Amino acid sequence: MPYPTRITLNTPLDMHLHLRDGEMLHNIAQASAHTFSGAIIMPNLVPPVTTKEEVVAYRARIEEAIGDETFTPYMTLFFKPSYDRAFLESIKEEITAIKLYPAGITTNSEGGVSGFDVEDLRETLEAMSDLDIPLCVHGETNGFVMDREAEFVSIYERLAAAFPRLKIIMEHITTKESVAALDRFENLYATITVHHLFITLDDVAGGMLQPHLFCKPIAKRPEDREALLKVALAAHPKVMFGSDSAPHPREAKESCGCAAGVFTAPIALQLLTELFETHNAPLENLQKFISGNAQNIYGIMPPAKTVILEKHPFTVPESYNGVVPMYAGEEIKYTITEVSDG
Ligand code: NCD
Ligand code: ZN
C-alpha cells in the first residue's frame, strides 16, 4: 500500500531526553515541548538531581521554560545506592523513574555506580521494585568502546534475575546483544534513539570525523543497526522511542575533546516517519513505537497532542540557538505542518 503523504501522529513521547538547565534549557526546551506530549527527563545536571527539593525545583524550571506548551516532564532521579525505602517512599509521587549511570561513563556521570555487586544495590532496588519505580540504565562497562554495551548485558541479566519485579529499561540500546536480551527476561525493556536507527560507526568516523554524530553509546555496526530496526519497525512491545537528544553548545562539539551527545529533538518525528516509510512499515507500529508502548510500559497517561507531517522536504537549520542538530543543513523528507492539543 502506498504511504499517505499526510501523516497524523498522536501524543508522541520521548522516553529519554536531556533538557539541561539554565540558558541551554531555555534555548532548547521548545524543540521538544512543541511536538511531544511528554518526555522522561534525564537527571545528569551538574550537580545531578538527587533530592526531592532538586526534582521539584528542576521541574518548575522546565515548566517555566516550556511556557504554554502542553508537555509533561516525567522527572527522574540520579541513582545512588544510598537511597533507602523511606526516602523513595517520600519521593515516589515526584518521579517517574530513577536513572543509573556507571561512574564516569558519559557526560556528567562521575557520581554514578562503580561495580555492580547485587548486594550493594539490594536495598535500593528492592524498595524500587516494591514501590513500582522503574530503573533506567545507561548500560556500558568501561571496556573497549565498541564492546562496552555487549559486555554490560551480563550485568542487565544479573539485575533482572535478582529483582524480577523491577522494571529495568536498557537505555539507548545500540547492539544486537541488547536486542536479544529483551526476550530473555520479562522485566527488561529498552529505548532506541532515532540516530542509532539511521547511522553506524561509519557515519561518525568512516570519513571526515563528524562531531555532531558522536555520542555515548557510540553507533555500532550495520548488523547492530539491523537488529534495532527490526524491533523498532515491528513496534516490539518492550521497545520505546527515546531520543537521547543531548544538546551541547557548538564550541563543546566542534573542539579538541568533543562532548558526547547528538541533538535530535527538533527532527526526531520527521526522521522516524521517513524511516518507517522507507521500510514500508505499518504506521500503527510507528504510533506504538513513539507512544503506545511507552504508555503501557510506564503506565502513564500523557496529555493528548496531534502532530501532522507532510511529505515535502525540510532543510534542517544549521543551528537552534547555538546548538547544531543532527543533519544540519541537509534535507529530510518530512515537514511538521500542524501541531494541536487534543
Ligand atoms: C548524554 C549527555 O550529553 O548528557 N550524552 C550522550 O552521548 N548520550 C549522556 C548520555 O545519555 O549518555
Ligand atoms: Zn542520555
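Predicted model: local features only at pLDDT ≥ 70, side-chain atom pairs only at ≥ 80, totals over all residues.

Me: Is histidine 18 buried or exposed?
Reply: The cut-off for buried is under 20%. Histidine 18 has a relative accessibility of 7%, so the label is buried.

Me: Which residues coordinate the zinc ion (ligand 2)?
Reply: Donors are N, O and S atoms within 2.8 Å of the metal (3.2 Å for Na, K and Ca), and sites may look incomplete because water is not among the atoms. In sequence the donor residues are spaced H-x1-H-x225-D. Histidine 18 sits in the loop between β2 (13–17) and α1, and aspartate 244 in the loop between β9 (239–241) and α10 (250–253), so this pair ties together parts 226 residues apart in sequence. At 2.0 Å, the coordinating residues are His16 (NE2), His18 (NE2) and Asp244 (OD).

Me: What is the arrangement of the four donor atoms around the zinc ion (ligand 2)?
Reply: Four donors count as tetrahedral if all angles lie between 85 and 135 degrees; four count as square planar and six as octahedral if opposite donors are over 155 degrees apart and all others between 65 and 115; anything else is irregular. Here the four donor atoms subtend angles of 92 to 139 degrees, which makes the arrangement irregular.

Me: Which residues of α2 are buried?
Reply: Helices (H or I, at least four residues) and strands (E, at least two) are DSSP runs numbered from the N terminus, and α2 covers residues 52–66. The face turned away from the buried side of α2 carries the exposed residues Glu53 and Glu64. The buried residues of α2 are Val55, Tyr58, Arg59, Ile62, Ala65 and Ile66.

Me: Why do the buried residues of α2 line one face?
Reply: An α-helix has 3.6 residues a turn, so residues three or four places apart point the same way. Taking directions from the helix axis to the C-beta atoms, the buried residues of α2 fall within an arc of 125 degrees.

Conventions: Residues numbered from 1 in each chain as written. Chains lettered and ligands numbered in written order. Heavy atoms only, no water. Expected span 1.5 Å × (residues − 1). Buried < 20%, exposed > 50% of the residue type's maximum accessible area, 1.4 Å probe, protein only.
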